[in-house]
Amino acid sequence: MKLTRHNGRAGKNGVYNPKHNDRRFDIENSEHIDADKANQNIYWDCYTGFSSAKIREHDKENDYSFEKIEQLYYFEHYADHIQAQNERNEKTRHTERNRTVTDLLTNNKTCPEESIYQIGTINESVSGEMLAKIATEFFDEMGEKFGTHVHILDWALHLDEGTPHIHERHVFDCKNNYGELCPQQEKALEELGVPLPNPDKKKGRNNNRKQTFDAECRKMLFRICEKQNLHLQMKPTYGGRGYLEKQDFIIEKQKDTISVQKDILSENEQTIEEQAKKIQKAENTLSQRVKVIEKQDKIIAEKNAAIMEKHSALEDVTMKLAEVETLVDEVAEQAYQKACEAVANTVRQETQKEDIKILDDYSRWLSAPERTADKKLRDYAVRRLGALKGKLIKSAKATRKILNRSGRKRGNPLRTGLQGEKQKQTVRTGSVWNAYARQQKRIWNFEAFAFLYGDGICFFYAHGRMRKLAADAACARRGGQRRRSLPCPIFRKEMA
């Protein structure tokens, strides 16, 4: 595995912000951070010591961000220097050179330096616990050796990204010519006795004490890792990835993952392209089938329209047939009623003639000299029979008149045959059958009475008191014995 220690103060967006280190931002929107593992991170600062996300939640009063910690340290140690320098600027009338402590934190020469420590890569690395153990031992040894002029402000162990790593921030300071403590890297290393890599050459970008300091730190790290039985690549890498900016370094760590994801994405794109071709082919087939179905639907619609037309014509024919059947029924019914009327009239006339003949026969029978009954009584009975005969003749004439009037009111059935069920019911209600039934009831509503008289049976049409007198007379002749009588009302006016 490879040991990485990357240093820097500023990048493309200015000086590095410690908010990334102590996760003082919305990590839900960061793609390279696993929010579920953020609670496993460990934090340390020079004022409050160790902390974590859980400790922050339970002790919010003593929860200070790395940004606040660094501001507090700079105000505590470098505020006097800033105030004295500003006073000197006022004396020399160069107040435009005045600065604040915040200016020291945002200046890329006086702001804290940040180092990233990592052992291994995303594919293979040490555990977070091992990295924390190595780092704390290294920080203690660095403090013992360089602590007079190199001060560690804060560090954070991140376990929520691809590979466990540590962000550590420190400041180099020493006293200036006025005896004021101020942040200055090169002079602080000089006072620590750190030599140039090439003492014989002039100090410059490629020949400075910071290079010697970083080399010494690497030796310390390798020595500590050997104690943990870690076998690392000893040859250092200068330039390139080892000296990228902080954000670029974070991005570089994700390149391997991105490369794998690109390969997977390429395979997925190829699969998607093949599926797209299949889908296009299926869509073309579907489009053709849709056209066929639309054509079939059109044919079906035309056939349905033709069927509906035929069905409508069939309904018209059926309706006409129904009307014809109704007309036939009406005609047949009316014809049957006419026939019944003719038969009823004939029966009625014959019945009336028979009744009149019977009355005439009884009248002659009563008038015969051989009858032994009282003559006055026989004459009275003959007169009553004559009156009954007149009533029968009068009733027959009245019946014929009523039937003729009823026939004229109903009219011709051929003209009124298609007037619906109501007209049929009306015709049935006022038909000859009803008239015939009423007349029959009227004719047979008389009460016939029979009794023995002399040597034979005599039938009388009697009612009320007359019936009782005739019965009493017959009973007297039989010696007080009555015979069965048949009811038939008559002589209502005379006997009332």
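How many residues does the hairpin that joins β7 to β8 pass through? The hairpin joins these strands through six residues. The legends below describe close-up views of a predicted model.

**View 1. Strand β7 pairs in the antiparallel sense with β8 and runs antiparallel to β4.** Eight bridges connect β7 with β8, and four bridges join β7 to β4, which comprises residues 42–45. Trp 155 of β7 stands opposite Trp 44 and also opposite Glu 168 in β8. Strand β7 is mostly covered, nine of its nine residues being buried.

**View 2. Thr 163 occupies the loop between β7 (150–158) and β8 (165–175).** Is Thr 163 buried or exposed? With a relative accessible area of 5%, Thr 163 falls under the 20% limit and is therefore buried. The side chain of Thr 163 reaches the backbone nitrogen of Ile 122 at 3.1 Å. Leaving aside residues up to four places away in sequence, Thr 163 touches Gln 118, Gly 120, Thr 121, Ile 122, Ser 125 and His 158.

**View 3. Helix α6 comprises residues 209–227.** The end C-alpha atoms of α6 are 28 Å apart, which agrees with the 27 Å that its 19 residues should span at 1.5 Å a residue. At the start of the helix, a side-chain oxygen of Asn 208 reaches to within 3.1 Å of the backbone nitrogen of Lys 210.

**View 4. Several elements cover the buried residues of α6.** The buried residues of α6 include Phe 213, Met 220, Leu 221, Phe 222 and Ile 224. The covering elements include the strands β1 (3–8), β6 (113–119), β7 and β8, together with the helices α4 (128–146) and α5 (185–191).

**View 5. Asn 229 follows α6 and has a positive phi.** The phi of Asn 229 is near 60°, a positive value in a residue other than glycine. Asn 229 is placed in the loop between α6 and α7 (246–253). Its relative accessibility is 62%, so Asn 229 counts as exposed.

**View 6. Arg 23 lies in the loop between β3 (14–15) and β4.** Arg 23, a residue other than glycine, has a positive phi near 55°. Its relative accessibility is 9%, so Arg 23 counts as buried.

Technical notes
Residues numbered from 1 in each chain as written. Predicted model: local features only at pLDDT ≥ 70, side-chain atom pairs only at ≥ 80, totals over all residues. Heavy atoms only, no water. Helix = DSSP H or I, 4+ residues; strand = E, 2+ residues; numbered from the N terminus. Buried < 20%, exposed > 50% of the residue type's maximum accessible area, 1.4 Å probe, protein only. Polar contact = N/O pair within 3.5 Å; in protein donor to acceptor, adjacent residues only side chain to side chain. Contact = heavy atoms within 4.5 Å. Pairing = 2+ DSSP bridges. Expected span 1.5 Å × (residues − 1).
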